[in-house]
Amino acid sequence: MPGNRERRAAKQRRRDAKRGHAPAEAPRPQDPGLPPESLQALLRRAAADLAGGDEGALTELRHVLAEHLARRRERVLAACDAVTAEVSVPPGGDGLGAALARGETVSTWAEREGARTEEAAVATVRLLASAI
């Protein structure tokens, strides 16, 4: 569903088209967020940094998520699913690790638990860091 900004921009484009004005700038890409490969690399890098003892890695990850991916929950969860698909999680434990051991994905776990996008990404990074 388009937000207010998109609706206003569409309305302005329709007005401009009626008046015969050409668009002032080239159309912007519809989704300027990070591509899936970059997001997966970011999650892996944050996990490696966290495993190496850098607690600031989670802070950096949170900043990236807040700035660039706030409205892209599906993309973030899909990247979390992709990077955790490569990790074997032993049975037992709790939280995300237990859900993955039962065959769930990060997406299904986040929906079931009501976890925010940031919480799911941080849980993914912590899980990856523990597997390193």
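The model is predicted: local features need pLDDT of at least 70, side-chain atom pairs count only at pLDDT 80 or more, and totals for chains, interfaces and linings use all residues. Residues are numbered from 1 along each chain as its sequence is written, and side-chain values use heavy atoms, with hydrogens and water left out.

## Overall build

The protein has seven helices and zero strands. From the N terminus on, its elements run α-α-α-α-α-α-α. Helices (H or I, at least four residues) and strands (E, at least two) are DSSP runs, numbered from the N terminus.

The protein has 132 residues, and 31% of them count as buried. Buried means under 20% relative accessible area, exposed over 50%, and partly exposed in between, with a 1.4 Å probe and protein chains only.

Take the contacts between residues at least 6 apart in sequence: 71% of them join residues at least 24 apart. Contact means heavy atoms within 4.5 Å.

## The core

The largest nonpolar core has 29 residues. Such a core is a set of buried Ala, Val, Leu, Ile, Met, Phe, Trp, Tyr and Cys residues joined through side-chain atoms within 4.5 Å. Leu43, Leu61, Val106, Trp109, Ala121 and Val125 have the most contacts inside the core. Helices H2 (36-51), H3 (56-68), H4 (73-84), H5 (95-101), H6 (106-113) and H7 (117-131) each give two or more residues to this core. H7 gives the most, with eight residues. In soluble globular proteins, nonpolar side chains tend to be buried together.

Leu61 touches Leu42, Leu43, Ala121, Val122 and Val125, with residues up to four places away in sequence not counted.

## Two helix pairs

H7 packs with both H6 and H4.

| Pair | Angle between axes | Axis distance |
|---|---|---|
| H6 and H7 | about 130° | 10 Å |
| H4 and H7 | roughly 15° | within 10 Å |

Axes are lines fitted to C-alpha atoms, for helices over the stretch in contact, and angles run from 0 to 180 degrees between N-to-C directions. Angles under 35 degrees count as roughly parallel, over 145 as roughly antiparallel, 65 to 115 as roughly perpendicular and the rest as oblique.

H6 and H7 are therefore oblique to each other. Val106, Trp109 and Ala110 of H6 make the contact with Ala120, Ala123 and Thr124 of H7.

H4 and H7 are therefore roughly parallel to each other. On the H4 side, Arg73, Val76, Leu77, Cys80, Val83 and Thr84 take part. They meet Thr117, Ala120, Ala121, Thr124, Leu127 and Leu128 in H7.

## Two residues

Thr84 lies in helix H4. Thr84 counts as buried because its relative accessibility is 6%. Beyond residues up to four places away in sequence, Thr84 touches Leu100, Val106, Thr124 and Leu127.

Ile132 lies in the segment after H7. Ile132 counts as exposed because its relative accessibility is 65%. Leaving aside neighbours within four places in sequence, Ile132 is in contact with Ala47, Ala48 and Ala51. Ile132 and Gly52 are 80 residues apart in sequence, with their C-alpha atoms 9.3 Å apart in space.
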